[in-house]
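Welcome! Please look over the sequence and the model below before reading on, and keep them in view as you go.

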Amino acid sequence: MIPYSITCMVFGIVSIAVLCYFGWVAAIVALVLHKKAMKIYNENPPDYKESSLKMLKAGKICGIIGLIVSIVTTVFYILYFAFIFYIVERPGLINFDF
């Protein structure tokens, strides 16, 4: 078993699961662990199973997806709150008289 392979996969999955709630932190941790584990794997590839390498790759993929979606979600939240504050600051902007 490659060291950090399970941990990398767990952090990658967590990064997708918590998306806008600091999922980018878990994604970055998954990518850093992937880099460390690949360095260990490349030193002596025959010592490790193929299944642990696949878990490591899955962790990297999940980490990348989690990072991208977390960043996009965070940007949308910032734009949403900026729009709300803009509307609140301009009381005559929207007329609700029906």
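How close do the axes of α1 and α3 come, and at what angle do they cross? They come within 7 Å and cross at roughly 25°. (Axes here are lines fitted to C-alpha atoms, for helices over the stretch in contact, and angles run from 0 to 180 degrees between N-to-C directions.) Angles under 35 degrees count as roughly parallel, so α1 and α3 are roughly parallel to each other.

A word on what you are viewing: this is a predicted model, in which local features need pLDDT of at least 70 and side-chain atom pairs count only at pLDDT 80 or more, while totals for chains, interfaces and linings use all residues. Residues are numbered from 1 along each chain as its sequence is written, and side-chain values use heavy atoms, with hydrogens and water left out.

Helices are DSSP runs (H or I, at least four residues), numbered from the N terminus. Two packed helices are described by the angle between their axes and the distance between the axes. Here are two pairs to compare with the model:

| Pair | Axes come within | Crossing angle |
|---|---|---|
| α1 and α3 | 7 Å | roughly 25° |
| α2 and α3 | 8 Å | roughly 150° |

Angles over 145 degrees count as roughly antiparallel, so α2 and α3 are roughly antiparallel to each other.

Now take α1, residues 5–17. Ser5, Cys8, Gly12 and Ser15 of α1 are buried (under 20% relative accessible area, with a 1.4 Å probe and protein chains only). Seen down the axis of α1, the buried residues fall within an arc of 90°, so they line one face of the helix. (The arc is that of the directions from the helix axis to the C-beta atoms.) An α-helix has 3.6 residues a turn, so residues three or four places apart point the same way.

The cover over the buried residues of α1 includes α2 and α3, where contact means heavy atoms within 4.5 Å.

Helix α3 covers residues 50–89. Its 40 residues should span 58 Å, and its end C-alpha atoms are 58 Å apart, in agreement. The buried residues of α3, among them Leu56, Gly59 and Gly63, pack against α1 and α2.

Finally, find Val29 in α2, residues 23–43. Val29 counts as partly exposed because its relative accessibility is 30%, between the 20% and 50% limits.

Conventions:
Helix = DSSP H or I, 4+ residues; strand = E, 2+ residues; numbered from the N terminus. Expected span 1.5 Å × (residues − 1). Parallel < 35°, antiparallel > 145°, perpendicular 65-115°, else oblique.
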